[in-house]
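Please examine the sequence and the three-dimensional structure shown here.

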Amino acid sequence: MRHTIEVADIFRAAGPAYRAAHAGHLSLSQLKVMSAIEACRTAALGGHVEACSDCGYQRIAYNSCRNRHCPRCQGAAARTWLEAQEANLLPVGYFHVVFTLPAQVADIAFHNKALVYDLLFKAASETMLTIAADPKHLGVRIGITAVLHTWGSAMTHHPHIHMIVPGGGLTQDGRWISSRPAFLLPVRVLGALFRRLFLTRLLDLHNAGKLVFFGTLVGLSDRRTFIRHLTPVRKKRWVVYAKAPFAGPEAVLAYLSRYTHRVAISNSRLIAFDGNEVAFRYKNYRCSGAERQQV
Ligand SMILES: [Zn+2]
Ligand SMILES: [Zn+2]
């Protein structure tokens, strides 16, 4: 779909001035993304001619950039991902589970993305597998599809993991056991184990000297300061969300597909561009309804 205003249009119009103003502050990968998006489906990337052998009608189709951050290319990739996930769904009830990192830990994750996001995936999935396998709860091996989100909708750093989990699983001898329709596992128990697994391994990473700290967090390199920084999150409850989605797993997958191949901002959220200012749509989940903001 061709939107009225696209990120590519804004980059082409305002990109050169932006690059000049931020010269030296843009990384090579940021510059590459900009030039890929600017060139996507233009003559710059070459193209091919599609012709009808009957009437002789010809159409020029320019090549796509396929960049991970390109709003045009990722729209198509998201549709392919969604179809593949829907084909995997079992004819059983499903649950939508969300594990969120508290703000104090999210800051640490921001500077240590690869290590801490990996830890988030492992701690969250191990929590689910352990509690589901516990005979006090379901006593089964469950399946999980997990997707990492690192931004909230207002484009703030807010790492959390969404999971699509079938309501039931397999016993050791391969029998299927269903959970109750509206209840998968106790969220307080999930939250407590998730907190313990995550914090223990985060401290292990710190002890091994693998975490790095910059700016206002630089003091956290000191082990005691680091432990003190984590005191409030060790005491508070880590919230885990687990509910049977009202509109079925398809609705959650559709929501996730918009994000798995998501770019910082999709073309459909752009409202106006006058060569100077961009207006875009965003949702503030603390308020209801959509808002718009000029930047
Ligand atoms: Zn592209
Ligand atoms: Zn999310």
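This is a predicted model: local features need pLDDT of at least 70, side-chain atom pairs count only at pLDDT 80 or more; totals for chains, interfaces and linings use all residues.

Residues are numbered from 1 along each chain as its sequence is written, chains are lettered from A and ligands numbered from 1 in the order in which they are written, and side-chain values use heavy atoms, with hydrogens and water left out.

The protein chain contains 8 helices and 11 strands; helices (H or I, at least four residues) and strands (E, at least two) are DSSP runs, numbered from the N terminus. Along the principal axes, the C-alpha atoms of the chain fill a box of roughly 70 × 55 × 40 Å. Of the 295 residues, 37% are buried. Here buried means under 20% relative accessible area, exposed means over 50%, and partly exposed lies in between, with a 1.4 Å probe and protein chains only. Among contacts (heavy atoms within 4.5 Å) with a separation of 6 or more, 63% are between residues 24 or more positions apart.

The domain assignment of the chain gives domain 1 (7–68 + 264–294) and domain 2 (90–249); such bounds come from an automatic or database domain assignment. The C-alpha centres of domain 1 and domain 2 are 34 Å apart. Separately, an unreviewed UniProt entry places the feature "domain: Transposase zinc-binding" at residues 10–101. UniProt positions are given in the numbering used here, feature names are shortened, and annotations may be inferred rather than shown by experiment. The span of residues 10–101 is 46% helix and 18% strand, and its end C-alpha atoms lie 34 Å apart.

The interior comes next. In soluble globular proteins, nonpolar side chains tend to be buried together. A nonpolar core is a set of buried Ala, Val, Leu, Ile, Met, Phe, Trp, Tyr and Cys residues joined through side-chain atoms within 4.5 Å. The largest such core has 41 residues, and those with the most contacts inside it are Val97, Phe99, Leu101, Met128, Phe194, Phe198 and Leu202. Two or more residues each are given to this core by strand E3 (94–100), helix H4 (103–111), H5, strand E5 (157–166), H6 and helix H7 (223–235). Helix H5 supplies the largest share, 9 residues. Apart from this core lies another, of 16 residues, among them Ile5, Val33, Cys70 and Val278. Within the largest core, Leu101 is one of the residues with the most contacts. Leaving aside neighbours within four places in sequence, Leu101 touches Ala109, Val116, Leu120, Pro159, Phe194, Phe198 and Trp238.

Charged pairs form a further set of links. The whole structure holds 7 salt bridges, each defined by a side-chain nitrogen of Lys or Arg within 4 Å of a carboxyl oxygen of Asp or Glu. One of them joins Glu6 and Arg72, at 2.6 Å from N to O. This pair links distant parts of the chain, 66 residues apart: Glu6 is in the segment before helix H1 (7–21), and Arg72 is in helix H3 (residues 71–88). Glu6 is buried, at 2% relative accessibility, and Arg72 is buried as well, at 18%.

Two other salt bridges lie within single helices. In helix H1, Asp9 and Arg12 are 3 residues apart, about one turn of the helix, and their side chains meet at 3.3 Å, N to O. Asp9 is partly exposed at 22% relative accessibility, as is Arg12 at 34%. In the second case, the closest N and O atoms of Asp118 and Lys122 are 2.9 Å apart. Asp118 and Lys122 are separated by about one helical turn because they are 4 residues apart in helix H5 (residues 113–133). Asp118 is partly exposed, with a relative accessible area of 36%, and Lys122 is partly exposed at 46%.

His160 is buried at 8% relative accessible area, and His162 is buried at 5%.
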